[in-house]
Amino acid sequence: MLTQTSVLTHATATQAVGEVASQAPGVWLAVGQLVLLLLALAAVHAPLGAYMARVFTSPQHLRVERAGYRVMRVDPDAEQKWSTYLLSLLGFSMASLLLLYGLARLQQHLPMNLGFSVFDPAGAWNTAVSFVANTNWQWYSGEAAAGHLLQMAGLAVQNFVSAAVGISVAVALIRGFVRSGTDGRVGNFWSDLTRTCVRILLPMAFVGAIVLLATGVIQNFDAHTAIDTVAGGTQHVLGGPVASQEVIKELGTNGGGFFNANSAHPLENPSPFSNLFEIFLILVIPFTLPRTFGLMVGDKRQGWAILGAMGALWFVAVALITWAEMAGPGAAPLAAGGAMEGKETRFGLAASALFAASTTGTSTGAVNAMHDSLTAPGGGVTMFTMMLGEIAPGGVGSGLYGMLMLAIVAVFVSGLMVGRTPEYLGKKIGRQEITLVALYILTVPFLVLVGTALAIALPAGQAGIQEAGPHGLSEVLYAFTSAANNNGSAFGGLTSGTPFYNTALGVAMLAGRFIPIALVLALAGRFASQKTVPATAGTLPTHQPLFVGVLGTVALVVVGLTFVPVLSLGPIVESLS
Amino acid sequence: MAGSPASPGPAGPVGGRKTGPGRGASLSWTQVRAALPGAFRKLDPRELVASPVLFVVELGAVATTLLAAFDPSVFAWAIAVWLWATVLFATLAESVAESRGKAQASSLRATQQQTTARRVVAPSDTLASGTGLASCPTAEVPSSTLAVGDVVVVRAGEIIPGDGDVVEGVASVDESAITGESAPVIRESGGDRSAVTGGTVVLSDTIVVRITAPAGHTFVDRMIALVEGSERQRTPNEIALNILLTSLTIIFLLAVVTLQPFAVYSGSKQSMIVLISLLVCLIPTTIGALLSAIGIAGMDRLVQRNVLAMSGRAVEAAGDVDVLLLDKTGTITYGNRQAADLLTVGDVTTARLAEAARLSSLADETPEGKSIVVLVRERYGMGDRTPAAGAPDHATPATSSGGESTAGTAGAGGADDLTGAEMVPFSAHTRMSGIDLPLPDGRVRRIRKGAGSAVQRWVHSTGAPTSSGPGGTVAEQLAAHVEAVSSSGGTPLVVAEQVGEGPARVLGVVHLKDVVKAGMRERFDELRAMGIRTVMVTGDNAVTARAIAAEAGVDDVLAEATPEDKLALIRREQAGGRLVAMAGDGTNDAPALAQADVGVAMNTGTTAAKEAGNMVDLDSDPTKLIEIVEIGKQLLITRGALTTFSIANDIAKYFAILPAMFMVVFPQLAVLNVMRLSSPESAILSAVVFNALIILVLIPLSLRGVRYRPSSASAMLRRNLLVYGVGGLVAPFVGIKLIDLVISLIPGIG
């Protein structure tokens, strides 16, 4: 979103001085909300994980699903090879992309457009890709560009199905691990997609939306109305089906806000409680899928290990950002008494930091504070959390398969050190497997580094940079990191609504989503056709804390070594200033 | 295995040839000098391109050399020189590893001298019949012209002209040229010891050999190719690792190439030399340089133990083995049953039984007979010497753990006076053996030993009361002893005697048992800790097999095993996804050897077995299977350890190079210069020098393999992560700092 045109006016440094004058209550608030959040996540972990495992293993179809299959003319019981699965997925996503592009380009002529005009071609392309790729990068301002039809029939639908696509891919990979000696069949895409929407996302979104309504989030079909304020000025009060869209925005780790200010907007996120609930919604599926994974592979401990690595990385990010924001290094925060620029006073520092870590650790990209205004180290951590490849705990589905890909790298190196050729969950990591994983690991860094380098070197890219010096580099780096990793949050500052950025970031989003998906599905097919090797005392134990440590270290080192040079010229230099 | 030759000794390291220079693990100057020409030859980019990491370094070296030539400075030249050194150290590692096999290859080549073969000239059907060939006319032809199917006659003192099977005759053959073992071996037609190897020498007798391999493709040719590494192909895991290293190289290439636009934006444009230095330091040069040396050295470690792996793939598979099929005889137990105990019946004294057992065995040349004599001497002190009769009491089972006592006192007096004694050899009819001794009073003392039923039948035939009579208790005791011995997996040997013409009486039972080799239980415990299941394969019945299995500590038993059972067992394990290793020598082992993932054929075995397996053990020691597994694991661990080390190194290099690159524009980055390196140039050069030297330092380790002690996977991972992960993190901080201290003294850099 564009921060400089934000409707947000509350968050000025002066207003915040009082709130952060004393640090001690702030720390307790930070710990308190974290404990509350973890308790809530822990409470639903086992039942939701088991429920999702049942969804993907049950042979039964619901009546409404059967109807859907008849409309789509697909046989939900026909097992697909990985390649067919991939083609179905790509075909579906391509159709979605065209539909969104059409809705955006024809908005003027469609009902419920609130009088907004059409998107330009580059903008429509960017938006279509963004929502299909579960990125939800928004170059436009929701309340000033998208009508209700585009929001509901286009964007909100994609918020469901693009999330379901991610979960389907993760489930297909799990099936690859589970199956032994087959011809590479990994499930049925249409069935996985439908079940994820019907049985998981819709019911959860329904309950979530009601909770949000109760906290004060609006839900109506009103146009924006101008009212006179007590002070005598005129203010535009916005209307729209916000709650229904807000809930799936978080639950599906999408992040595209109804309003430009996203979760910083009082009508999207009115109170500290709604804020914590939204963080819960962001984290609940990514943190629960490891349980589903553990149950489906028949070893819950494997799920714990993956969860452990995700949780550890997320926790470190939360701790670092909270510390950075509360300690508030830098001249401006020091003068102001706290790093409150760009943050909501009704949330405060700790809740903003927790939200920032969770939204970048998952591929959500919703924001309740302006990341451009985070302290330099805090901003650097949000960037690094995305660069990890969205695995802490990552997007719905994509977080799990991303972490599993890294687990394979970790197994490949450390597995040799126990004197066996590497294997994970009984699957040998041979030449073809490691090639697929290596390409997966290469794709996103390639998009981020080449994209940022091009933007920084070309006049069209330089034109969008708001601030000179290291912070300008951070702005561009953040944009490409966010796009290629399908996060969608914006650092702000960067004027990204230009044809150059709309096109380049669109390419980064599309490639950053579907190339990894293709590689993951190919790997799932390979694994499904491999025979499973039974575990012995000589097998590398992948469920123990030691392996969790190795996995976390591999993630940090691989990403660190790739991005430290560019980070050292951006956030690192800024932090050390 | 059935028909296995006696194993050379208890489990333990088997002395292979220690000939040839540089077989030790350390890197001597002579070795390096000998390997240098090869190292330079390997700089050829066409060869180097197979290893993308090294190829990138070489490109960097060429580029920096050109840059230094056009814009000379001490720094530029120093970097260029050290980049070349990096590539050269890498090729040197491979060259040194290869040179270790060269010495062995040249000694093998010596056996390949051109000889004259005496080829049988006869119609093809006569040749095929394989009988009476020794008397056929022969023609002298050069050995290099022999074709498969030709039949040659080899006499004592002649060199066998090619690989083949003995079709007629039996001879002792000196195979020391290949096995390093000086004791001659017997080769005979038919059976499992018919294979002869070209280049070995017939010491006695004449044999007729049918050639089974054409000249140039013999066993020795293959051995030479293997030890020289000329046929070396990358193994699957090596290829996979190479892919990972290549992708890391691409990632770092990306990071460095895109760094320039960022640097330009930040107003600190970098020189090409600095960027190339950064790239070379980041890509995994250490493991890239040592990867092939590790593979060659792994094969070499097998060769040092006299095992020839026909492919590197087999060595890797050895590390992955889940199930070991071990033959009972010769592997787990000494080849033969040995007397372990004496059990008397009735009022017979132990001394009486011992004496009778010993007397009846003195002339018994079977290992069982000899072991009875040894047992009686050691436990009951009888007959330390047999001066009177000179009976063959000197025989001690070769595999006995006890030493032969020479300082003996005479045991039971004149009991050894065997004058006039008559041996009763074992016959299939009576199923007994024994001795008839004339007593001083003229009567004859007849002692018999044999299977329980046979001896009892003999006792009854002499008129002794049947078991229902007064001797009932004796019979019951005997039956109990026989049952006890049998159920413990042993073989009961009943001893009885008859004095004069009176009724014979049973004295007792000799407990013969398979003796498990010393240290086997510990080895199986180790294997279990490593996650490897051991299955003992034996032709014995289930009761016997289980008893021995329990004693040796193996996990499972395949009793009354036929070759088909063995094959079926391997298939069953493989269907469950497990990798199986086995050793074998007979022709009927061939299908199982071929089916097993690691099949080790004994060199004494048949050609069929040797061709079916993917390794050959020149010492023919089936116990070596365990060592082979350990070598396979050590190879994989070395690869993983050095990869981890290599990647961990990069962290320190960033701390050296990044501040050096950007400190000019962003002075605050000096905080990251944690090593306090003296200048940007010396920081970058120190990292490059460290990067090159660490290869040299690790060459001995890559040739020797990392220390390997059998333990569980998690224990091994913890240890190796600590040594090579944490060590790899810390070492370069120290190393780069030390190098910087030296380099900063160079004018123009410090």
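Author: Here are some notes on chain B, its sheet and its cores. The model is predicted: local features need pLDDT of at least 70, side-chain atom pairs count only at pLDDT 80 or more, and totals for chains, interfaces and linings use all residues. Residues are numbered from 1 along each chain as its sequence is written, while chains are lettered from A and ligands numbered from 1 in the order in which they are written.

Reader: How many helices and strands does chain B have?

Author: Chain B has 23 helices and 22 strands. These are DSSP runs numbered from the N terminus, helices being H or I with at least four residues and strands E with at least two.

Reader: What share of chain B is buried?

Author: Of its 750 residues, 53% are buried. Buried means 20 or more other C-beta atoms within 10 Å of a residue's own, exposed means 12 or fewer, and partly exposed is in between; C-beta atoms are placed from the backbone.

Reader: Now the sheet. What is the strand order?

Author: The open sheet of 7 strands in chain B runs β10-β22-β21-β20-β11-β18-β19, with mixed pairing. Its edge strands are β10 (307-309) and β19 (556-558) of chain B, each pairing on one side only. Strands pair if DSSP finds at least two bridges between them.

Reader: In which sense do β10(B) and β22 pair?

Author: Antiparallel, over 3 bridges, with β22 of chain B spanning residues 615-617. Leu308(B) sits opposite Val616(B) of β22(B).

Reader: Which residue has the "active site" annotation?

Author: Asp327(B), according to an unreviewed UniProt entry. UniProt positions are given in the numbering used here, feature names are shortened, and annotations may be inferred rather than shown by experiment. Asp327(B) belongs to strand β11 (residues 323-327) of chain B.

Reader: Why does Asp327(B) count as buried?

Author: Because 25 other C-beta atoms lie within 10 Å of Asp327(B).

Reader: New topic. Which residues touch the most other members of the largest nonpolar core?

Author: Leu173(A), Val520(A), Leu521(A), Ala93(B), Val321(B) and Val688(B), in a core of 358 residues. A nonpolar core is a set of buried Ala, Val, Leu, Ile, Met, Phe, Trp, Tyr and Cys residues joined through C-beta atoms within 7 Å.

Reader: Which helix gives the most to this core?

Author: Helix α21 (residues 624-662) of chain B, with 21 residues.

Reader: What else lies apart from it?

Author: Another core, of 39 residues, including Ala354(B) and Ile372(B).
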